[in-house]
Amino acid sequence: MHRRRLVVALAVVALFAGLWGGPKATAWAQQEGDVVQEPSLRELAAPTGLRIGFASANDFWALPDAATYQRLAAREFDILTPENQMKWDSLRPAPDRFDFEAAERHVAFAAAHGMQVHGHTLVWHNQLPAWLTTTRWTHDALEGVLEEHIRRVVGHFRGRVAVWDVVNEALDEDGRLRESFWYVNLGPSYIEKAFTWAREADPDAILIYNDYNIEVVNAKSDALYEMMVDFKRRGVPVDGIGFQMHVTHQGLDYGSLRRNLQRFADLGLSLYITEMDVRIPGEPDMERLLQQAEVYRRVLQIALQQPRVAAVQFWGFTDRYSWVPQSFPGQGAALVFDRAYRAKPAYYALKEVLSAFVAAFKPYKDLQVVQRSPERYEVRARVHNTGAAPEVRDVALRIDGQVVASQRVDLLPREERPVAFEHTFDRRGTYWVTVGDLPAVEVTVPGRLGLLQPSVWLDFEDGVGNRSTSGIVARPSGAVRIGETGRIGQGIEFDREGRLELDDPLHRHSGGHEMLTLPTRGGFTLALWFKPDFPEGAAGPFALLDASRNPIYFAVSITRQGLSWYYEDGTDADFQMDVPAPLDDGQWHHLAVTGAFGQPGVMAVYLDGELRAARDVVASPAGPLSPLVIGHDADPTYFPAHVGFVGSFDEVRVFPWILTADEIREVMASHAYASQAGTHVTEWVSLEPGETLRSLTVHASVGAAERVEATVETSLDGQSVSERTTLTVGDGEATHPLALGPARCFRIRTVLDGFSAAVLEYEAASSSGRRWLWSTTEDWARGSWSSNVDLGAPWPVEPAETSTAAGPL
Ligand code: XIL
């Protein structure tokens with residue numbers, strides 16, 4: 001009773017407001033102002049590219065509350081669907097007469113307020129004029145009428161109606177084509193023909209199929225999905241799906257909605273929520289209104305999260321003008337403003353979702369750096385279009401501020417996509433890694449990466465080989481001999497006249513291009529193993545490295561008491577370092593020196609991995625250096641006191657940067673193994689009578705900068721058999737087909753030479769199909785090396801029975 005009185009009182013205020021002019025209009029404004037705060041729905045949604053829409057009531061310009069209606073509509077929405085006045089019975093009063101007058105007013109209102117128009121609808125079984133449905137049509141005649149209708153209507157609004165519901169509600173609940181007026185008279189082809197005619201009439205309009213009860217995955221949406229797959233395959237011009245979304249306050253299965261939208265999105269279709277309302281049975285109390293708000297909230301949220309959803313449109317906006325009470329007797333209050341245009345909880349829920357979504361807008365998110373191997377990293381992030389228009393973005397991977405890679409990504413409005421980069425670091429170190437504008441992540445790259453890319457890497461296995469890819473040529477002259485005495489088995493031996501001249505390793509010209517192996521700007525490191533063989537009676541100094549020619553003087557020399565390293569630049573500043581250190585005959589030593597030209601650097605001397613002296617330098621070269629000579633003076637007349645080095649060298653490396661102390665120790669460790677070569681022996685494995693060993697695979701993985709020489713040898717019944725495998729360089733695998741006669745047992749012996757860390761894997765198979773696997777990890781660099789490693793019992797892979805026996809027979 002009390003409530004009814006209140007409703008009446010409000011109606012009276014409304015009536016006064018409508019009748020009286022100015023001052024009373026304020027009463028309305030105040031009432032709305034109380035409940036609706038800026039920004040509006042469309043303003044909040046604008047940055048997301050999602051349009052918010054409403055169905056415009058019949059002749060809304062003539063409503064008693066037209067001003068209010070229009071003010072709210074214009075403020076809140078940016079896409080408009082005429083609720084009825086583009087249907088056949090409005091546009092087509094007679095077979096030969098089109099009446100666009102009312103429809104035009106909807107379009108004009110939309111245009112005046114920056115809204116798109118969503119035309120509704122070209123082919124539907126309802127609201128057809130009687131002249132159409134009461135005539136007995138031939139197939140062709142009716143098809144002609146439909147074609148003419150679509151061409152006339154779409155053509156009339158060409159460029160002004162952005163989206164057309166071309167076909168409405170053509171499916172029944174179990175997914176068959178509805179036995180509608182159109183289907184009965186035209187058969188199933190009317191659907192695709194309608195799209196084709198519409199496309200021709202306005203190639204720019206978005207053409208959609210619209211229906212109800214297709215929001216979630218069910219028989220009807222499955223059928224529609226199949227229809228769309230077929231249409232897409234056959235090129236029927238359909239652009240999107242309209243999901244009407246006439247639901248109740250109990251909502252729907254949101255997970256299913258999400259999946260359903262996704263599958264249509266995956267077909268490349270645009271998606272529209274076209275006619276949303278959320279009806280409530282009986283009198284809407286606050287609890288129901290809150291439930292209703294939740295339904296609006298969830299649907300909008302899912303729509304925002306699906307970038308292919310182009311608009312969320314409500315079937316009206318005020319409960320005063322809603323189709324629900326007539327069509328669903330006993331239910332109502334389905335829209336977001338009540339009958340007095342007051343915002344309901346649903347309206348605020350929509351605003352909340354929009355604000356929260358926009359507040360979370362970030363162009364880049366979720367940076368992750370994942371290590372794939374010591375040097376190889378995967379850098380992942382998510383990119384997000386935070387603009388209202390489709391975007392083509394060049395996404396950059398930055399390391400220490402430098403762009404090292406980029407990817408072009410196409411993004412729909414609101415779309416979020418993962419990006420991934422692979423990056424292989426060529427040096428160990430600490431780096432700042434980022435994608436886009438994200439705060440960089442610090443990455444420390446372990447491993448022997450400093451060893452990977454010297455510009456000169458000389459070894460002496462079969463002569464003077466340069467294992468770097470710089471193309472530098474080392475020319476031996478004088479008495480030079482490749483000996484058996486190197487750190488890796490073979491080194492190079494000099495007498496006093498021996499020298500190894502590197503073709504301009506510091507500054508090389510090739511084909512008009514400067515090819516720098518050691519930049520005349522930037523840091524460098526020279527590293528080598530040497531074993532002096534001091535000649536009787538000569539005091540030295542003996543030239544180890546030399547590039548001395550005016551104006552630059554560059555030399556490392558040794559005496560029995562120590563070594564000197566000095567260079568000079570074009571400014572006549574010289575940089576000199578003397579390191580006292582007893583250097584005995586016949587002892588291998590590792591030497592590394594660092595320096596820099598043209599930028600600040602550290603002039604340092606490392607002997608046997610220990611930093612022995614260092615100073616900061618800034619040397620400016622006046623020109624290219626002379627060729628680097630190993631073991632002799634470049635120009636003996638310049639410093640006659642120098643004499644040629646007598647002794648051996650091995651593993652000469654020139655790096656175009658300054659290595660860290662750790663890296664220098666890695667360089668050193670990576671060839672300190674020669675005298676430490678190890679042997680792995682598997683246990684003896686028994687074979688069955690008549691069983692033979694069929695194949696043997698040995699896989700050796702070593703540090704990327706290393707090589708390993710492994711000799712693999714198989715013993716049968718205590719006898720070494722002739723098959724031997726030699727693995728060399730890096731990451732090697734050798735497989736042997738073996739046909740080694742019957743035996744009682746076998747074992748595998750591997751001699752490794754030349755690694756600081758390695759993983760060995762053996763796989764053996766026998767004639768009766770048995771397989772054995774062994775693996776072992778060796779890390780000399782970390783001191784866990786021991787020779788004759790007992791690999792323990794192997795585990796047969798198949799069949800499951802174990803078969804090991806102890807000891808040689
Ligand atoms: C409804 C209108 O809202 C009513 O005013 C009219 O009386 C009947 O049609 N699906 C549709 C819409 O595609 O065209 C319908 O609109 C609601 C259901």
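Four bridges join strand β20 (residues 474–477) to strand β23, and the two strands run antiparallel. Strands, like helices, are DSSP runs numbered from the N terminus, with at least two residues in state E for a strand and at least four in state H or I for a helix; two strands pair if DSSP finds at least two bridges between them. The bridge partner of Pro476 in β23 is Leu500. Strand β23 is also joined to strand β34 (residues 628–630) by three bridges, again in the antiparallel sense. On this side, Leu500 stands opposite Ile630.

The model is predicted, and local features need pLDDT of at least 70, side-chain atom pairs count only at pLDDT 80 or more, and totals for chains, interfaces and linings use all residues. Residues are numbered from 1 along each chain as its sequence is written, and side-chain values use heavy atoms, with hydrogens and water left out.

In a regular strand the side chains alternate between the two faces of the sheet. Strand β23 (residues 499–502) is covered on both faces, with Arg499 and Glu501 buried on one side and Leu500 and Leu502 buried on the other. Here buried means under 20% relative accessible area, exposed means over 50%, and partly exposed lies in between (1.4 Å probe, protein chains only).

For the protein chain as a whole, the secondary structure comes to 16 helices and 47 strands. Of its 809 residues, 54% count as buried. The chain exposes about 34,000 Å², of which carbon and sulfur atoms supply 50%; accessible areas come from the Shrake-Rupley method with a 1.4 Å probe, and for residues only the protein chains shown count as cover. Among contacts (heavy atoms within 4.5 Å) with a separation of 6 or more, 70% are between residues 24 or more positions apart.

Strand β11 (residues 364–371) contains Lys365. Lys365 counts as buried because its relative accessibility is 17%. The side chains of Lys365 and Glu416 are joined by a polar contact of 3.1 Å. A polar contact is a pair of N or O atoms within 3.5 Å; within protein, one must be able to donate a hydrogen and the other to accept it, and residues adjacent in sequence count only if both atoms are side-chain atoms. Apart from neighbours within four places in sequence, Lys365 is in contact with Ala360, Ala381, Arg382, His384, Glu416 and Leu438. At 49% relative accessibility, Asp366 counts as partly exposed.

Val433 belongs to strand β16 (residues 429–435). With a relative accessibility of 1%, Val433 counts as buried. Val433 and Leu367 are 66 residues apart in sequence, while their C-alpha atoms are 9.3 Å apart in space. Not counting residues up to four places away in sequence, the residues touched by Val433 include Leu367, Val369, Val379 and Phe425.

A hairpin is formed by β32 and β33, with two residues between the strands, and in it Asp608 takes a positive phi near 50 degrees. Seven antiparallel bridges pair β32 (residues 601–607) with β33 (residues 610–617). Gly601 has Val617 in β33 as its bridge partner. A positive phi of about 50 degrees is also found at Ala333, which is not a glycine. Ala333 lies in the loop between β10 (331–332) and α15 (345–359), and is buried, with a relative accessible area of 17%.

Two peptide bonds are described here as cis. The bond from His120 to Thr121 has omega near 0 degrees, and Thr121 is in strand β3 (residues 116–123). The bond that joins Gly540 and Pro541 is cis with omega about 0 degrees, and Pro541 is found in the loop between β26 (522–532) and β27 (542–546).

A search of the whole structure finds 38 aromatic pairs. The ring centres of Tyr567 and Phe575 are 5.4 Å apart and their planes are at 40 degrees, so this pair is tilted. Rings of Phe, Tyr and Trp (its six-membered ring) pair if their centres lie within 6.5 Å, with planes under 30 degrees apart counted as stacked, over 60 as edge-to-face and the rest as tilted. Tyr567 and Phe575 are both buried. Charged groups also sit over rings, a term that requires NZ of Lys or CZ of Arg within 6 Å of the ring centre and within 35 degrees of the ring normal. Arg279 lies over the face of Phe328, at 3.8 Å from the ring centre, and the charged end of Arg393 sits over the ring of Tyr364, 4.9 Å from its centre.
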